Each structure stands twice: as C-alpha cells, then as structure tokens.
Amino acid sequence: MTAIPFRQEVYYPESDGQPMGETDSHRREMTDLIEALEDRYRNDPQVYVAGNLFLYYAEGDPRAVICPDVFLVHGVAKRQRRVYKLWEEEGRVPAMVIEVTSRDTSREDTSQKKSCYERLGVEEYFLHDLFGEYLNPRLQGFRLVGGHYRPMDLTPAGALISQTTGLVLQLEGASGLRLVDAATGEPLLRVQESKDEARREKAARLAAEERIEQEAAARVAAEERARALEAELLRFRQEMERGQKDG
C-alpha cells in the first residue's frame, strides 16, 4: 500500500509582530490616501485598495513578502483580505504603489522595495518624503517601461500624473500629498475633510428638514386661522339673519 505523502500547510503571517513604526503624520497620510482611493472606487467591484498589508508573491515561500504603504489593484474583487496572496488573485499585481517614506525607511523604499515592485511588474511606484528628509524633490515617481522603472517627469507645478488611475499627485505644503482627479480637477477628500463634509451635509439636511417642518406648521396654522375666520363669518351671518327675522 502506497502511503499518501503528508502535505504540510504553509503559514503566511499577517503581521511581523511589530507596530507601525512611523510618525503620526506618516500614519495619517497613509490613512488619508487609502480612504480617498477607497472612496473614489467604492462603486467599482473590480478595484481593490489597501495599505500596510502583507503581499505574498511566491506560493510556498512566506519569506517572499512585501508590505506596501498604499496600493491599488485592478481586476480583483473588492473584499476584505487578511493578506494578499498573488497566486490566489490570478497573478494580479498592484497597478500603483505609494510609499510614504522617511530617512529611516529610505534604503528599503528606494532599493529593496523598488526592485521588488519592478520585478513583480507594478506599473507605477510613487515615493513621498513627507518631511523632506532625503528626497529632492520630495515627491518622485517611477513608471515601468520595458520591464524597468523610469523616472516620471514632474509637471511645472511639481506634480505627478498617474496613468493607471487618472489621478494627479501633488504636494500641499504641510498638509501633505493630495490626490486630484485629472479629468475634473476635483481633489479627493482626506479623512477629516470627509468627516467635515458629512457634518455639513447633515447640518444642511437637518436645517432643510426643520424648514420643511416649519413651513408645514405654518401652513397648518394658516389653515386653522382660515377655518376659524370662516366659522366666525358663518356665525356672524347667522346672527344677522336671526336679527333680520326678529325685526
């Protein structure tokens, strides 16, 4: 009897056990970028946006892993993932990766990660040196051409254009990196801006509802006054008629 070989399940960790070792500003920018992209593609079931998520690119080798700050994939289902396994996603690599870089991560972001993304076939790779610690200019981009990364040209305003998303990446002083719809010129909102807009919309909706209620109450009051006046006029006519009969 031939023994069936035992297949050991490969474990792909979801975390390296270390907290996100960046500043509040780095964490906030990553969150803003992820949320903005998710909102832009919320109605497209075949665009997946994530960040700070392990991406495994070689089945059976849990060491073949990379963790982009922000990435976007076309052609895969929009669903919750614990990790991104390339072989389970029909080989769909991210179309765009953004790294919010710093002096501490400079070697990894400009060498190891860049080389890995290039090998995997990530079409566009962006680096934003949030504090301007080592990159000049602070915003840089690379596009895959013939299997190799070539630097993107900055616009006169110092921005970069993403061909994979139709977005413009531009700096806004201390506010950090802003994503703008290249077709409409409309900026994608950051998390706090979305909350502020939601509050404004809620306040406007409540004010509109209050106006409607006030107008309805005013109509009811006017109708009641009209009925009361009509009843008073009716009583007056009836009294006049009785007076005429008595006379």
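**View 1. Helix α2 bends by about 35° at K113.** The bend at a residue is the angle between axes fitted to the seven residues ending there and the seven starting there. Helices and strands here are DSSP runs, numbered from the N terminus: helices are H or I with at least four residues, strands are E with at least two. The model is predicted: local features need pLDDT of at least 70, side-chain atom pairs count only at pLDDT 80 or more, and totals for chains, interfaces and linings use all residues. Residues are numbered from 1 along each chain as its sequence is written, and side-chain values use heavy atoms, with hydrogens and water left out. Helix α2 covers residues 106-120, 15 residues in total. From first C-alpha to last, α2 reaches 20 Å, close to the 21 Å expected at 1.5 Å a residue. That expected span is 1.5 Å times one less than the number of residues. After α2 comes G121, with a positive phi near 95°.

View 2. Buried means under 20% relative accessible area, exposed over 50%, and partly exposed in between (1.4 Å probe, protein chains only). In α2, the buried residues are S106, D109, K113, C116, Y117 and L120. Note K113: the helix bends at this residue, and K113 is buried. Contact means heavy atoms within 4.5 Å.

**View 3. Six strands form an open sheet in the order β1-β4-β6-β7-β8-β9.** The pairing is mixed. Two strands pair if DSSP finds at least two bridges between them. Strands of a sheet pair through backbone hydrogen bonds, either parallel or antiparallel. β1 and β9 are the edge strands, each pairing on one side only. The twist averages 15° from one strand to the next. Helix α1 packs on this sheet and touches β1, β4, β6 and β7. The direction of α1 makes about 160° with that of β6. Such axes are lines fitted to C-alpha atoms, for helices over the stretch in contact, and angles run from 0 to 180 degrees between N-to-C directions.

**View 4. Both faces of edge strand β1 are covered.** V47 and V49 lie on one side, Y48 and A50 on the other, and all four are buried. β1 and β4 run antiparallel, joined by four bridges. Find Y48 opposite V73, and A50 opposite F71.

**View 5. A three-stranded open sheet has the order β10-β11-β12, with antiparallel pairing.** β10 (160-162) and β12 stand at the edges with a single partner strand each, so one side of each has no neighbour in the sheet. Here the twist averages 30° from one strand to the next. Three bridges link β10 to β11. S162 stands opposite L167 in β11. Helix α1 packs on this sheet too, touching β11 and β12, and its direction makes about 10° with that of β12.

**View 6. The largest nonpolar core has 23 residues.** A nonpolar core is a set of buried Ala, Val, Leu, Ile, Met, Phe, Trp, Tyr and Cys residues joined through side-chain atoms within 4.5 Å. Those with the most contacts inside this core are L33, L37, V70, I98, F126, L169 and L179. The largest share, five residues, comes from α1. L33 touches V70, I98, V100, L177 and L179, not counting residues up to four places away in sequence. Apart from this core lies another, of 21 residues, including V76, V93, L120 and L135.
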